[in-house]
Amino acid sequence: MESLFEASPFTGYVYPNETIIPWTVLIVVYPYLTGLVAGAFTISSLYQVFGSKQLRPVAHFALLISLCCMVTVPLPLLLHLGHPERAFNAMITPHATSAFAIFGYAAAFYVILLTLETWFVFRPHMVHQAQQRTGLLGWYYRILSLGSSDLSLNAMRYDRKWLFALAIIGIPGAHGLHGYVGFVFGSVKSREWWSSDLMPVIFLFSAIISGTALVIVLYVLSCKLRKVPVDLSCLKVMAYSLWGFMMFTLLLEGVEFASLVYRGREGIDVIMQFVEGPLVVPFFILQFGIGSALPLAVITFLIWRGSSGTALLVGITGSAILVLLAVLMMRYNVVIGGQEISKTARGLIAYHPPIFGREGLLAAAIVLVIPMVLLLVMVRLFPPWEEAAA
């Protein structure tokens with residue numbers, strides 16, 4: 001039987017079973033996708049619940065982004081399993097003490113919630129298309145509209161009430177969905193790099209900034225492809241949100257690391273060896289320097305100067321791309337980094353992810369591309385720009 005894992009080189013005292021990294025890059029992609037779901041839904045909810053009118057051009061687009069990412073979330077876990085068909089056993093034989101088993105119910109609930117909210121948002125579009133289209137596409141929209149063609153004021157008022165209720169329920173649902181991922185890692189006491197009470201909060205706030213950054217990048221790209229001007233007031237509000245959440249996230253990460261060093265728990269020597277050695281490039285340079293400090297400085301300068309036009313557009317979009325890289329590296333440093341420190345606290349393991357294979361970088365990249373392909377299809381079927389203009 002072909003092995004799913006590759007043995008990793010190590011230094012110091014390491015148990016034999018630790019030379020294999022069981023949680024690979026697919027498990028890195030999993031919390032990254034859930035973070036994009038929570039962040040994109042936050043942008044949508046700022047309009048649906050809190051009435052931020054500046055975010056109207058991207059509110060429904062962000063909802064579609066959240067739905068497409070959420071549908072893809074279970075995929076890296078299923079690919080990682082040797083027998084993915086056994087994943088359904090967690091649904092039919094629930095195990096209340098397993099966080100991963102509970103995830104099946106949480107994910108199913110949130111997919112249903114996102115689907116319902118998307119249906120209420122685009123119901124007028126479905127009705128119009130069902131009345132105007134013929135053939136197979138016409139039947140498709142008629143089925144989706146559930147045979148309802150009522151677009152009266154009372155019906156639309158009823159839809160808005162449901163939208164508001166679903167958005168309110170979805171806020172704790174989205175944030176709880178990703179916060180639980182941090183809870184899974186933070187509750188593993190055998191790993192000093194993971195065991196932290198702040199881990200769920202850090203995962204949650206980093207999720208918000210990653211989702212916000214993705215909405216910024218995709219919104220600017222969509223405007224360029226549609227050859228329409230970018231709404232700079234909308235872009236500024238998203239930039240302010242990104243800036244504020246980034247400040248808080250960096251503060252939490254600093255407090256977590258300072259707490260880890262100050263407590264001086266068992267294994268702190270090898271952790272410091274890990275931080276000062278293999279973690280220098282992925283953490284200090286890629287995650288903190290290029291991915292966090294640089295975009296934070298750029299956005300701060302743009303806000304302080306009151307920039308507008310091309311400078312604002314390029315600066316914020318470039319910063320958002322770097323933030324996406326930083327959060328991806330944060331997930332990698334947490335998931336892989338926690339396994340590179342031996343349980344004996346006297347050795348380090350070096351993991352080099354393969355390019356091909358089910359656990360390779362290519363498979364992880366394909367999983368990350370799938371939500372974008374789904375989004376391209378969804379935007380064609382349910383144009384969010386028409387709903388925003390209406």
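Predicted model: local features only at pLDDT ≥ 70, side-chain atom pairs only at ≥ 80, totals over all residues.
In which hand does α1 pass α8, left-handed or right-handed?

In the pair I asked about, α1 passes α8 in a right-handed crossing. The axes of α1, residues 25-48, and α8, residues 199-226, come within 6 Å and cross at roughly 70°, which makes α1 roughly perpendicular to α8, given that angles of 65 to 115 degrees count as such. On the α1 side the contact residues include Gly35, Ala38, Gly39 and Thr42, and these belong to a set that meets residues of α8, among them Ala207, Ser210, Gly211 and Leu214. Sorted by class, this contact has ten nonpolar and six polar residues, with no charged residues.

Now to α11, residues 280-305, and α12, residues 310-340, whose axes come within 8 Å and cross at roughly 155°. Since an angle over 145 degrees counts as roughly antiparallel, α11 and α12 are therefore roughly antiparallel to each other, and their crossing is left-handed. Among the residues making the contact are Phe283, Leu286, Ile290 and Pro295 of α11, together with Ile316, Leu322, Met329 and Asn333 of α12; by class, the contact has 17 nonpolar residues, six polar and no charged ones.

Finally, α5, residues 99-132, bends by about 55° at Phe122, and a proline, Pro124, follows within four residues. At 1.5 Å a residue, its 34 residues should span 50 Å, and the end C-alpha atoms of α5 are 47 Å apart, which agrees.

Notes:
Residues numbered from 1 in each chain as written. Heavy atoms only, no water. Axes fitted to C-alpha atoms, helices over the stretch in contact; angles between N-to-C directions. Helix = DSSP H or I, 4+ residues; strand = E, 2+ residues; numbered from the N terminus. Parallel < 35°, antiparallel > 145°, perpendicular 65-115°, else oblique. Left-handed = near helix turned anticlockwise from the far one by under 90°. Contact = heavy atoms within 4.5 Å. Nonpolar A, V, L, I, M, F, W, Y, C, P; charged D, E, K, R; others polar. Expected span 1.5 Å × (residues − 1). Bend = angle between axes of the 7 residues up to and from the residue.
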